[in-house]
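This report looks at how two parts of a structure pack against each other, first within one chain and then between chains.

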Amino acid sequence: MKVLAIDTSTYTLSVGVSDGDVILAEQVTNVKKNHSVRVMPAIEALMNEVEMKPGDLDKIVVANGPGSYTGVRIGVTIAKTLAWTLQIPLTAVSGLASLAASAPLIEGLVCPVFDARRGQVFTGLYRLSNGFVETVKEDRNVLITDWCQELISIGEPVLFVGQESVQHEKVIAEIMGSAAAFAGKSVPYTRPAALISLGQSADSQDPEQVIPYYARLAEAEAKWLEANEKRAQSSE
Amino acid sequence: MEKDTFVFGIETSCDETAAAIIKNGTEIVANVVSSQIESHKRFGGVVPEIASRHHVEQIISVFEETLEQAELTFQHIDAIAVTKGPGLVGALLVGVNAGKAIAFAHGIPLVGVHHIAGHIYANRLVQEMSFPLLSLVVSGGHTELVYMKEHGSFEVIGETRDDAAGEAYDKVARTLNLPYPGGPYIDRLAAEGNDTYALPRIRLEEGSFDFSFSGLKSAVINTVHNAEQRGEEIIPENLAASFQASVVDVLTEKTVRAAKEYGVKQVLLAGGVAANKGLRSSLEHAFSEIDQVELLIPPLSLCTDNAAMIAAAGTVLFEQGKRDGLDMNGHPGLDLEQF
Ligand SMILES: [Zn+2]
């Protein structure tokens with residue numbers, strides 16, 4: 001089974017190729033550059049390197065969010081188009097779950113963090129045990145302060161991962177104290193191998209049905225709903 | 001016998017998700033357009049982020065329907081033509097990356113197409129082009145006179161210095177409390193009224209083929225404002241007719257003058273505003289008196305955004321040897337003369 005994995009949901013570009021249990025190639029670039037220009041050439045180069053042709057692929061795995069709206073869309077568009085036109089299965093997995101799964105050999109609660117600006121984060125809570133990843137709290141867009149209050153009520157230590165968690169460390173430590181541990185610098189981004197392994201254990205979906213998970217409404221829509229609610233209240 | 005050329009076109013620059021297959025650059029084999037207009041109406045205009053979200057949701061079913069309509073597979077396709085600009089960047093990126101994925105998956109050549117080149121080439125799906133020709137491009141974002149001495153060559157001889165004609169239509173429609181998108185409503189209303197408000201014809205300096213519509217738009221707003229202050233009632237039909245007459249007069253006059261000056265064989269109308277009845281009949285009337293010039297106006301379905309026009313333009317570029325790589329990007333401000 002030959003698998004291609006793609007994650008462009010943050011500014012890190014992760015692509016990987018595996019054959020059976022063997023990870024043949026991984027490429028991660030952690031620079032703020034244009035995904036649209038770079039993803040397809042990265043996939044082509046990686047597959048050339050391991051002498052694999054598009055027609056050899058048996059499955060595509062993609063991180064479908066949350067994260068940068070445009071970044072998520074580029075990865076999902078490429079993945080669903082490839083899977084559809086090559087007539088192979090597609091599995092979408094959470095980019096946060098894959099980041100959590102990139103923390104190897106850890107037992108316990110892992111909290112992956114993408115920054116979402118203005119004190120907000122995209123995050124979720126996962127339990128790692130024996131290399132398995134279990135969702136404890138679903139992915140969401142939340143204020144980091146509210147999220148820490150929710151985590152501390154669990155009464156268990158939590159390991160924060162992801163390079164964008166680093167900028168929130170101070171706030172997290174203030175609220176959670178010794179219940180929080182930080183591995184943001186040693187688990188900075190999603191490893192393609194983690195994405196592949198999550199994708200292989202999850203069900204496949206119809207490429208047409210795979211859509212990004214943005215974790216929040218488009219700004220215009222949120223404002224429109226808010227205005228509508230106000231209108232409804234004032235007419236009561 | 002020469003082999004037929006099939007080009008698969010993709011268009012996602014604004015609020016239509018579209019794909020098409022064109023045979024030999026002139027014949028529509030399949031043409032599928034999924035419009036998002038309903039979901040943007042409540043915002044009074046196209047919201048870029050929402051447009052991008054719709055594109056990624058719709059694109060595979062649009063592709064699938066296109067292949068089904070054509071009863072073809074990508075094995076039959078000689079090139080993928082995709083709009084690379086201008087347009088909304090997030091929206092463009094969906095089509096561009098889907099196009100690159102198909103090209104990579106099947107080893108098919110990829111050609112990036114300028115959206116306006118596409119609008120012009122919509123005409124070739126109706127009748128063969130004869131050069132030199134002039135195209136009047138009028139849409140929500142564009143008002144341009146484009147001179148073509150041969151296939152694939154575009155020279156912009158006139159363009160708007162402020163608002164596009166379509167933008168002016170939308171703003172005037174808002175002033176008259178008409179729903180979005182305003183163009184068709186004004187066109188309909190204008191047909192019921194008369195040109196009574198004596199609005200200005202903005203022709204700019206002598207000999208210029210450029211356009212300006214912001215002064216006209218302000219004149220409409222002032223007319224409404226002044227009437228309100230005097231407690232007079234505006235007759236919307238007449239105001240719409242007066243506005244439309246001004247736009248159409250200027251567009252027609254400059255197009256006729258450019259056609260004569262450049263000695264063209266054909267004049268092609270292109271872009272969404274080409275659906276406007278007032279503009280169509282004015283141009284038809286003007287060019288019926290000029291024997292040497294043939295006027296082409298595509299059917300309504302090919303005036304608004306579609307991928308058939310992108311595949312038609314893409315076929316010519318493909319045959320001229322133009323190619324884009326897997327590093328092709330979306331270009332929101334792509335230049336027609338440079339792309
Ligand atoms: Zn257009």
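In this predicted model, the C-alpha centres of domain 1 and domain 2 of chain B lie 27 Å apart. The domain assignment places residues 6–122 + 302–338 of chain B in domain 1 and residues 129–297 in domain 2. Contact between them involves 18 residues of domain 1 of chain B and 22 residues of domain 2 of chain B.

On the side of domain 1 of chain B that touches domain 2 of chain B, α1 (37–41) and α4 (115–121) of chain B each supply at least two residues, and the largest share, five residues, comes from α4(B). By class, that side has ten nonpolar, five polar and three charged residues.

The contact between chain B and chain A takes 30 residues from chain B and 33 residues from chain A. B:R53, B:I60 and B:F104 supply 24% of the area that chain B buries against chain A, more than any other three residues. One salt bridge joins the side chains of B:E49 and A:R73, at 2.9 Å from N to O. The elements giving two or more residues to the side of chain B that touches chain A are α2 (48–70) and α3 (89–106) of chain B, and α2(B) gives the most, with eleven residues.

| Interface | Buried area | Share from carbon and sulfur atoms |
|---|---|---|
| Domain 1 of chain B and domain 2 of chain B | about 1700 Å² | 71% |
| Chain B and chain A | about 2900 Å² | 68% |

Key
Residues numbered from 1 in each chain as written. Chains lettered and ligands numbered in written order. Predicted model: local features only at pLDDT ≥ 70, side-chain atom pairs only at ≥ 80, totals over all residues. Heavy atoms only, no water. Contact = heavy atoms within 4.5 Å. Buried area = accessible area lost by both parts, 1.4 Å probe. Salt bridge = Lys/Arg side-chain N within 4 Å of Asp/Glu carboxyl O. Helix = DSSP H or I, 4+ residues; strand = E, 2+ residues; numbered from the N terminus. Domains from an automatic or database assignment. Nonpolar A, V, L, I, M, F, W, Y, C, P; charged D, E, K, R; others polar.
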